Amino acid sequence: MEAILSADALNKSFGQVIAARDITVAIPARQTVGIIGANGAGKTTFVNMITGYLHPTSGRIRFQGKDITGLGPKEITRLGVCRSFQIAQIFPTMTTLENMVVALGVADRLAGRSGLLQPLRQAGREARAQEVLDHYGIADYGAQLAGVLPQGVRKLLDIAMAVASEPKVVLLDEPTSGVSAEEKFATMDAVIRALNEQGITVLFVEHDMEIVERYADRVLAFYDGTIIADGPPAETLIMRDVREFVIGDFQLRHPEGGGHA
Amino acid sequence: MQQMILTRLGPLTAALLVLGFVLPEWLLSLSTVAFAKGLVVLGLLVLWRAGLVSFGQALYFAGGAYAAGLLALNTGINEALILVLAGALAGAFLAYVAGLLLARYRAIFFAMLSLAFSMILYGVLVKNAELGSTDGIGLPPVTFLGFDTADSGRTIPAYILVVVLAFLSAIMVEVYLRSLRGSLAEPIRDNEVRVEYLGLSVRGLIHTKLVIAGALAGLGGAVTAIAIGHIDPDATAYWTISGGFVFITILAGAGSVLAPFVGALVFELVRSYAVAYAPELWQLILGTALLLVIMFLPGGLWSLFTRKRQEG
């Protein structure tokens with residue numbers, strides 16, 4: 001299957017510190033990929049390089065066959081690669097609905113559906129924003145200021161805004177971090193359902209293995225800046241190196257031992 | 001929407017134009033200078049909403065004033081409409097050039113860099129004999145749509161000109177503020193990262209705002225030059241002039257495109273009366289007025305109108 005997104009020998013160093021080394025991976029369209037790894041393993045560096053927040057020291061990134069290495073966030077977003085953040089990037093002094101209206105307004109403008117001087121606030125756009133919030137199960141928070149929303153709702157709003165422009169690929173950086181145990185599955189259910197319905201390829205960074213097992217078609221396990229395992233969750237998560245270096249509970253969960261990566 | 005703005009601003013502008021034939025000359029002169037400053041503050045409002053405070057609007061104000069003056073002196077063109085257009089273009093051009101650097105900075109760095117730019121122009125003006133040095137330059141008599149004002153005086157025509165320009169500028173800024181690019185001021189102030197990851201260039205958006213603010217400041221400078229008939233560095237380019245514009249912005253509030261004109265009028269009235277009745281204390285009086293506004297009306301004088309509307 002042809003890759004929609006690929007990285008070829010990506011490296012990133014900050015002075016003497018190597019944050020990413022020789023990352024090579026190809027992601028087919030419509031796949032849901034879980035990215036796991038301990039803190040400092042290079043997961044967020046990988047996401048930051050793909051989305052233009054950081055530029056790789058060497059290596060190439062391709063999206064739909066086009067070389068996007070070195071492009072900035074604006075250009076990469078416009079091409080169809082969007083992202084959400086570990087700390088939700090929303091507009092805290094605006095209401096939830098206004099946040100969504102802004103995201104849809106920008107998406108309309110970039111798609112040429114809205115003129116240069118047309119007002120942002122339009123009845124039709126507000127109704128669409130309400131529909132999107134409803135789709136993510138956060139419509140009840142529409143009138144609340146985004147800055148005081150519960151963590152799970154902030155995450156959902158961040159993701160809903162990220163995909164307002166109907167991207168081809170979305171990268172979610174720890175979508176359930178800070179979300180309570182009771183909320184995490186509901187949050188991911190809402191996110192994955194919405195993204196799958198739109199046919200979006202998803203890469204999500206996650207520490208919670210239950211989430212990874214449940215939602216990912218494929219797992220990329222990072223350790224020391226590189227990918228040490230790549231495959232379906234059922235196979236990858238039981239690999240010895242993954243459990244020892246990534247999950248960190250080898251003896252606890254699998255006292256009988258397991259295979260090498 | 002444009003219709004709605006016209007409905008609101010149209011009658012007010014018509015009333016102001018009628019007052020031009022009724023009010024005493026001193027009040028017309030004061031109002032002309034106030035509304036010219038209001039134009040500059042209207043530009044500051046555009047920046048203010050995005051969380052940017054410029055302490056250097058005098059750069060564009062002086063640029064507009066000198067452009068109008070030099071055009072009149074050197075080419076013989078003395079039609080006011082052409083002179084104000086030249087002022088606006090000069091302000092926009094200066095803002096475009098300065099914006100290439102300014103748009104990269106935020107907060108105190110943005111404020112201080114804008115101040116530095118304006119003081120560079122001040123330094124150039126005071127040292128340049130061609131531009132009149134500290135004495136400045138005088139403007140020849142101007143015509144308003146072909147009407148010669150050499151004998152009749154320019155007070156009423158200048159007042160009418162500034163009211164019409166304020167009306168048009170307010171409409172254009174209102175349309176801009178409601179558009180997507182204008183509406184992104186608050187998102188930029190809140191979270192630039194998200195704006196970039198929605199697919200827009202924050203630097204580009206801010207650069208546009210700087211050019212709009214520069215054009216309005218240049219327009220204000222040109223109108224002031226025409227109304228007063230004389231331009232000098234201390235009255236146009238010195239840092240206290242920029243400070244005065246920021247003062248009016250805080251006094252007025254950023255709630256409406258009308259606020260800058262209300263704020264500028266109140267500022268000029270308070271200053272004029274303070275200077276007339278307490279020449280030793282006028283700065284103290286102005287400072288106290290600003291302090292009271294910050295303490296009791298953090299949204300500026302305009303919040304009095306919005307409060308009243310909400311209570312009603």
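**Note on a predicted two-chain model**

1. Strands E7(A) and E8(A) run parallel to each other and are joined by five bridges. The model is predicted.

2. How many of the five residues of strand E7 of chain A are buried? Five of the five, over residues 169-173. In a regular strand, side chains alternate between the two faces of the sheet. In E7(A), Val169(A), Leu171(A) and Asp173(A) lie on one side, Val170(A) and Leu172(A) lie on the other, and both faces are covered.

3. Glu206(A) sits in the loop between strand E8 (201-205) and helix H7 (209-215) of chain A. Is Glu206(A) buried or exposed? A residue counts as buried if 20 or more other C-beta atoms lie within 10 Å of its own; Glu206(A) has 24 and is therefore buried. Leaving aside residues up to four places away in sequence, Glu206(A) touches Gly34(A), Ile36(A), Glu174(A), Thr176(A), Ile211(A) and Val212(A). With Glu174(A), the separation is 32 residues in sequence but 4.9 Å in space, C-alpha to C-alpha.

4. Chain A also contains an open sheet of four strands, in the order E2-E1-E4-E5, with antiparallel pairing. Strands E2 (17-28) and E5 (66-67) of chain A are at the edges; each has a single partner strand, so one side of each has no neighbour in the sheet. E2(A) is joined to strand E1 of chain A (residues 3-14) by eight bridges, and Leu10(A) has Ile23(A) as its bridge partner in E2(A). Helix H1 of chain A (residues 43-50) lies across E1, E2 and E4 of chain A, at about 65° to E2(A).

5. In chain B, helix H2 (residues 25-48) packs against helix H10 (residues 202-228) at an angle of about 175°, with the axes 8 Å apart. Angles over 145 degrees count as roughly antiparallel, so H2(B) and H10(B) are placed in that class. Among the residues that meet are Val33(B), Ala36(B) and Val40(B) in H2(B), and Ile212(B), Leu216(B) and Val223(B) in H10(B). The residues of this contact divide into 15 nonpolar, five polar and two charged.

6. H2(B) has a further contact, with helix H12 of chain B (residues 239-252): the axes come within 9 Å and cross at roughly 70°. H2(B) and H12(B) are therefore roughly perpendicular. H2(B) contributes residues including Val41(B), Leu45(B) and Trp48(B), and H12(B) contributes residues including Phe245(B) and Ile248(B). Nine residues of this contact are nonpolar, one is polar and one is charged.

7. Finally, the contact between the chains. It takes 27 residues from chain A and 18 residues from chain B. On the chain A side, helix H2 (73-79), strand E6 (81-84), helix H3 (96-110) and helix H5 (151-162) each supply at least two residues. Which of these elements gives the most? H3(A) does, with six residues. The side of chain A that touches chain B is made up of 16 nonpolar, seven polar and four charged residues.

Methods:
Residues numbered from 1 in each chain as written. Chains lettered and ligands numbered in written order. Predicted model: local features only at pLDDT ≥ 70, side-chain atom pairs only at ≥ 80, totals over all residues. Contact = placed C-beta atoms within 7 Å. Nonpolar A, V, L, I, M, F, W, Y, C, P; charged D, E, K, R; others polar. Buried ≥ 20, exposed ≤ 12 C-beta atoms within 10 Å, placed from the backbone. Pairing = 2+ DSSP bridges. Axes fitted to C-alpha atoms, helices over the stretch in contact; angles between N-to-C directions. Parallel < 35°, antiparallel > 145°, perpendicular 65-115°, else oblique.
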